[in-house]
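Open the model in your viewer and show it as a cartoon. The stops below are given in the order to select them.

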Amino acid sequence: MSVDSDVDRTTGGGDGPPPAPRKARRSFSGAQAALLLLRGRTLVVLILLIVIFGIISPDYLSQSNLITMTKHVSVNAILAIGVTFVILTGGIDLSVGSIAGFSSMIAGGLLYNGLSVGGGEIFFSAALVILIGIVVGALVGAVNGGIITKFGVAPFITTLGMLYVARGFAQLRSDGGTFPDLAGTPERGNQGFHIIGVDSWIGIPVSVWIMVVVAAVAILVTTRTPFGRRVFAVGGNERAAVLSGIRTNRVKIAVYVISGACAALAGLLLTSELGAAYPDTATTYELNAIAAAVLGGTSLAGGRGTIIGTVMGAFVIGFLTDGLVLVGVSTFWQSVVKGAVIILAVITEQAQVRLQTRLSARTA
């Protein structure tokens with residue numbers, strides 16, 4: 001058999017361009033499969049956690065434990081959803097844990113002591129107290145956004161400073177003490193605060209339902225509204241966003257307001273569950289929130305990420321933490337494992353970006 005006949009058989013003997021070598025086609029398919037796996041890594045890790053801990057401890061997959069773990073996840077997920085809006089614009093919010101604690105103390109003080117006016121105390125309904133707490137969180141977020149946009153202070157520095165300021169105000173609110181017994185009384189008309197953190201509806205904790213609603217609204221905002229497109233535009237290329245007419249400062253302030261409001265809501269859920277408000281509520285929770293966003297695929301450089309990914313990241317952290325507790329791993333090793341998972345998440349996120357860029361260059 002001649003060499004020419006081999007060439008004709010390989011090319012099909014036609015006038016068109018020769019097909020890509022078989023080896024290259026296999027390599028391309030493998031890269032696409034790897035990219036698909038990297039994109040779905042959060043779900044894969046979550047499934048692995050459930051399977052591994054389910055094998056080690058049968059109690060892990062019991063209905064009551066799953067509900068309890070999901071309830072724990074709801075607080076971190078709400079915090080993380082707010083932080084995701086900030087990170088999508090290329091910013092960071094380190095103050096969400098302190099905002100949660102400050103809002104918690106505001107609500108606790110109003111429920112326990114009321115508001116002193118003219119030598120007397122005015123007590124508000126539990127629903128109004130919750131609303132006031134969320135507004136306080138949103139205002140603190142607005143201060144963060146205002147400092148960042150008006151004075152040009154880096155988000156990291158601004159929110160780090162607010163972390164201490166908000167925690168300090170939380171301490172001052174009660175001189176470092178605790179507001180106990182927030183059940184309220186009929187005479188004061190402030191009963192019902194326990195509903196959001198303790199009660200359930202059709203067997204599912206109310207806090208989980210609140211998480212679902214917050215996540216659904218956030219998904220709609222980020223995917224179906226002009227504001228959501230502006231958030232991605234600011235994070236993707238701020239200069240281009242300015243040139244296209246987007247008021248980037250307004251968008252930045254808005255995302256910090258959202259982050260503050262979500263943080264306050266998370267703090268109120270914690271306070272309601274405990275039935276008491278104390279200044280250290282949600283301490284270090286900001287790290288869990290940022291970690292959940294990163295685990296879920298949100299880029300710290302901004303412009304890329306999803307709310308669904310963030311919620312799944314919160315589930316990974318929550319299920320991992322509760323699983324380690326259930327199998328008796330010490331708190332020291334829990335920190336080591338959680339830190340390693342976060343670092344691995346960032347590494348895989350970078351690997352995804354590089355692989356996606358390489359595949360795009362091939363197909364261009």
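What percentage of the chain over residues 151-170 is helix, and how far apart are the end C-alpha atoms? Select that stretch: 80% is helix and 0% is strand, and the end C-alpha atoms are 26 Å apart. Keep in mind that this is a predicted model.

The stretch comes from a UniProt record. The unreviewed entry lists residues 151-170 as a "transmembrane region", along with 43-61, 73-102, 122-144, 201-221, 253-271 and 307-329.

Next, select residues 201-221. Here the chain is 76% helix and 14% strand, with the end C-alpha atoms 26 Å apart.

Now go to helix H9, residues 226-236. Show side chains and colour Gly228, Val231, Val234 and Gly235, the buried residues of this helix. They sit on the same side of H9 because they cover an arc of only 125 degrees around the axis. In general, an α-helix has 3.6 residues a turn, so residues three or four places apart point the same way. Turn the view to the face of H9 away from its buried side, and you find the exposed residues Arg229 and Gly236.

Last stop: Thr42, in helix H3 (residues 41-56). Is Thr42 buried or exposed? Its relative accessibility is 9%, so Thr42 counts as buried. Leaving out residues up to four places away in sequence, Thr42 touches Leu295, Gly296, Gly309, Met312, Gly313 and Val316.

Conventions. Residues are numbered from 1 along each chain as its sequence is written. This is a predicted model: local features need pLDDT of at least 70, side-chain atom pairs count only at pLDDT 80 or more; totals for chains, interfaces and linings use all residues. Side-chain values use heavy atoms; hydrogens and water are left out. UniProt positions are given in the numbering used here, feature names are shortened, and annotations may be inferred rather than shown by experiment. Helices (H or I, at least four residues) and strands (E, at least two) are DSSP runs, numbered from the N terminus. Buried means under 20% relative accessible area, exposed over 50%, partly exposed in between (1.4 Å probe, protein chains only). The arc is that of the directions from the helix axis to the C-beta atoms. Contact means heavy atoms within 4.5 Å.
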